[in-house]
Amino acid sequence: MSTTSAPGSGILDGKVPVFVFPVQLDFYYEDQTTHKRVVTIYNPYEFDVTFKVLCNNPKKYAVVEPEGRIMGQKCVDIVIRHVAVSPQTCETTDKFRIHMFEEGTQEILGKKDILATLHPGAPEAESASLGTQQRKTLGVLSSLAQGKVGGGQGDNAINREGHPPNYVACLAAVVCILALFLPTEGDVISNNNLLSDYPWLHLSVNQKLVFAYVLGLVTMAILRM
């Protein structure tokens, strides 16, 4: 259990980046499977933190475990359900705000806003599968990186005895690097660019931050081999 305190919390009050995925919740009126969304909150820091989920329209949503604790270099999943799905609430956007605190205090280290929108109809199959795949990829890479970094010197001793490098970790690093080279949402791209026809390959800034964080962990794991 981590007991390290946040350095200079008074100076960093409200300025520590908060990493969440996804950064936008899309609910669809005709697809009940989308009425429940999972949000992952990451704590890439070495100290423990607590979090609290707020909403500007709490009567429309049910949040499972809106408050909790995240150990250093871990993450937690929270479930958000839309409980007021109706034609009248379509095309309305609400805001969730996640506050992160240093454990044992009420000083806000950082905050992150997530927009939630109820859309009419059903989602396109391609966009729905893409969101699922992104979540699975980030979860696997994060788990892999954390496992390798926290493996201890026992694993290092085994690798020094002549075992081959972990090719899965190398592959994860390559995936992260490729993701960082993809266009960022909002960038102006020429029509002649091959990626202009694939808007789902344009990653948000927060998604690239997560890939960069995982790349750092995987790199540390590879260097320890």
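This tour moves through backbone features and then salt bridges of a predicted model.

Residues are numbered from 1 along each chain as its sequence is written. Because the model is predicted, local features need pLDDT of at least 70 and side-chain atom pairs count only at pLDDT 80 or more, while totals for chains, interfaces and linings use all residues; side-chain values use heavy atoms, without hydrogens and water.

Select F21 and P22 to begin. A cis peptide bond joins them, with omega about 0 degrees. P22 sits in the loop between β1 (19–21) and β2 (24–28); strands are DSSP runs of E, at least two residues, numbered from the N terminus.

Next, select E65, in the loop between β5 (61–64) and β6 (67–70). Its phi is positive, near 55 degrees. E65 is exposed at 56% relative accessibility (exposed means over 50% relative accessible area, buried under 20%, partly exposed in between, with a 1.4 Å probe and protein chains only).

The whole structure holds five.

Select D94 and K60, whose side chains form a salt bridge at 2.8 Å, N to O. D94 belongs to strand β8 and K60 to the loop between β4 (49–55) and β5, so the pair ties together parts 34 residues apart in sequence. D94 is buried at 6%, and K60 is buried at 10%.

Finally, select E103 and R69, where the closest N and O atoms are 2.5 Å apart in a salt bridge. E103 is partly exposed at 36%, as is R69 at 33%.

Technical notes. Helices (H or I, at least four residues) and strands (E, at least two) are DSSP runs, numbered from the N terminus. A salt bridge is a side-chain nitrogen of Lys or Arg within 4 Å of a carboxyl oxygen of Asp or Glu.
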